[in-house]
Amino acid sequence: STASREDTDEMADPPSAGELSEQQQLIDVNPPRGTRDFPPEDMRLRNWLFGHFREVSRILSFEEVDFPVLESESLFIRKAGEEITQQLYNFEDKGGRRVVLRPEITPSLARLVIKQGKSVSLPLKWFTIGQCWRYERMTRGRRREHYQWNMDIFGVSKVRAEAELIHAIVLFFERLGITSSDVGIRVSSRKVLQAVLQMYCIPEKIFAEVCVIVDKWGKITKEEVEKELSLAGVTPEAVKGIVEVLSLKSLDKLEEVLGSDGEAVADLKKLFELAEQYGYSQWLTFDASIVRGLAYYTGVVFEAFDREGKLRAICGGGRYDRLLSTFGSDDIPACGFGFGDAVIVELLKEKGLLPDLMRQVDDIVFPLDEELDGQASKIATALRQKGRSVDLVEEKRLKWVFKHAERINASRLVLVGNSELQRGMVRVKVLSTREEYEVKIGELS
Ligand SMILES: OCc1cccc(Br)n1
């Protein structure tokens with residue numbers, strides 16, 4: 001609801017041109033480019049969304065963790081040409097340290113697991129919701145920050161971990177009213193690409209770079225992908241082999257190409273069997289072209305997509321069994337996903353599933369005369385101590401108070417008046433039923 005101007009305190013008129021010289025020039029009230037404010041209505045939606053993130057994490061028995069948004073740049077220096085490492089929001093701090101506003105959360109998770117060392121018992125299942133940043137030339141007008149829900153499992157080498165993470169994603173969608181007719185989850189494994197490169201004797205050391213290039217499949221032309229693969233050192237016959245495999249959409253066809261004794265086929269078969277048992281196989285589809293764009297994935301990868309094909313990937317993740325050794329530690333098998341706060345909201349809008357989240361207050365306490373402000377404070381305190389949300393209003397006309405009560409969806413109006421007070425009472429109006437009654441101050445609850 002929009003309050004008309006006379007209802008709210010009159011905003012000061014902006015200074016006239018002549019006054020500007022004495023007055024501060026109005027600052028730019030927008031947040032930095034690519035970033036967002038969250039005024040109350042947007043914050044209610046964000047809290048609603050994050051509430052579902054948290055509740056699903058709880059249901060899957062994950063523990064919440066958190067990290068600084070600021071991290072050492074060294075955590076994100078990777079040589080595989082990922083977009084995410086080419087858009088680091090990086091700078092040198094006043095102590096000469098190279099730092100970044102983190103572009104993702106997985107490296108922080110790995111850092112903490114290493115730091116905790118033997119004090120954590122495996123497997124461990126952690127989740128966090130945190131803001132992530134990128135510095136992208138604003139030519140594309142894209143955002144520079146978003147909030148990401150991450151769930152990660154350390155210490156489980158079998159695809160049970162991937163199955164658990166995908167279950168979390170499915171439960172989350174179901175809670176929002178999104179069905180497998182709206183969204184699918186494409187699944188594959190980087191071991192598919194690894195097997196193909198081995199078939200053509202392509203050196204392992206360019207594997208991550210090849211995956212980052214292959215992730216552009218469908219985003220840039222086939223010719224551009226082939227050109228980038230060739231520049232990375234992939235022979236023409238290997239490029240042909242990769243392109244053939246990427247188009248596979250059935251595990252049986254994959255088995256024909258790779259044989260039945262490879263890990264890729266075994267992992268994916270097991271994952272699809274587990275999906276049947278969880279009851280979410282209708283969400284899954286094998287798609288060999290899915291590799292995801294992060295260098296450190298080593299096994300199963302997955303991403304959720306809107307079946308109408310209007311939006312970018314909704315979330316995505318995969319297995320990263322060798323990330324810790326890139327930080328000089330012993331490897332621990334791991335897998336996880338990131339779920340951003342932007343595409344999901346676009347999807348909810350598309351599907352008409354955005355919740356109608358109104359502001360709500362239990363009580364408005366209003367002194368009918370100025371000198372009753374002290375009594376009104378006492379009454380507000382008593383109600384707040386009982387856990388009721390109270391909006392203590394004064395210096396307003398009663399007409400304004402009724403409109404305000406409607407605007408903020410107050411349940412009750414508690415009117416503090418002289419005649420009632422002399423009898424130790426206050427007057428209560430229940431706004432939904434129009435019921436009105438007097439109650440002893442000590443019995444107000
Ligand atoms: O998903 C890539 C990404 C990373 C950081 C910030 C934003 Br917006 N987007």
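Which side chain makes a polar contact with the side chain of Glu-104? The partner is Arg-78, at 2.9 Å. A polar contact here is a pair of N or O atoms within 3.5 Å; within protein, one must be able to donate a hydrogen and the other to accept it, and residues adjacent in sequence count only if both atoms are side-chain atoms.

This is a predicted model, where local features need pLDDT of at least 70, side-chain atom pairs count only at pLDDT 80 or more, and totals for chains, interfaces and linings use all residues. Residues are numbered from 1 along each chain as its sequence is written, and side-chain values use heavy atoms, with hydrogens and water left out.

Stay with Glu-104. It sits in the loop between strand 4 (98–101) and helix 4 (106–116). Helices (H or I, at least four residues) and strands (E, at least two) are DSSP runs, numbered from the N terminus. Glu-104 counts as buried because its relative accessibility is 4%. Buried means under 20% relative accessible area, exposed over 50%, and partly exposed in between (1.4 Å probe, protein chains only). A polar contact of 2.4 Å also links its side chain to that of Tyr-296. Beyond four places in sequence, Glu-104 touches Phe-76, Arg-78, Ile-84, Cys-132, Leu-294 and Tyr-296. Contact means heavy atoms within 4.5 Å.

Glu-370 counts as exposed because its relative accessibility is 69%. Its C-alpha atom is 7.6 Å from that of Glu-394, 24 residues apart along the chain.

Now the ligand. Around it stand Pro-103, Cys-132, Trp-133, Arg-134, Arg-143, Arg-144, Glu-145 and His-146, each with a heavy atom within 4 Å of it. Three of these shell residues are nonpolar, one is polar and four are charged. A ligand nitrogen atom lies 3.4 Å from a side-chain N or O atom of Arg-134. The protein covers 81% of the 290 Å² of accessible area that the ligand has on its own, by the Shrake-Rupley method with a 1.4 Å probe.

Last, the nonpolar cores. Such a core is a set of buried Ala, Val, Leu, Ile, Met, Phe, Trp, Tyr and Cys residues joined through side-chain atoms within 4.5 Å. The largest has 82 residues, and Phe-173, Phe-339 and Ile-344 have the most contacts inside it. Helix 5 (residues 160–175) gives the largest share, nine residues. Another core lies apart, with 22 residues, including Ile-105, Trp-126, Tyr-296 and Tyr-320.

Conventions: Nonpolar A, V, L, I, M, F, W, Y, C, P; charged D, E, K, R; others polar.
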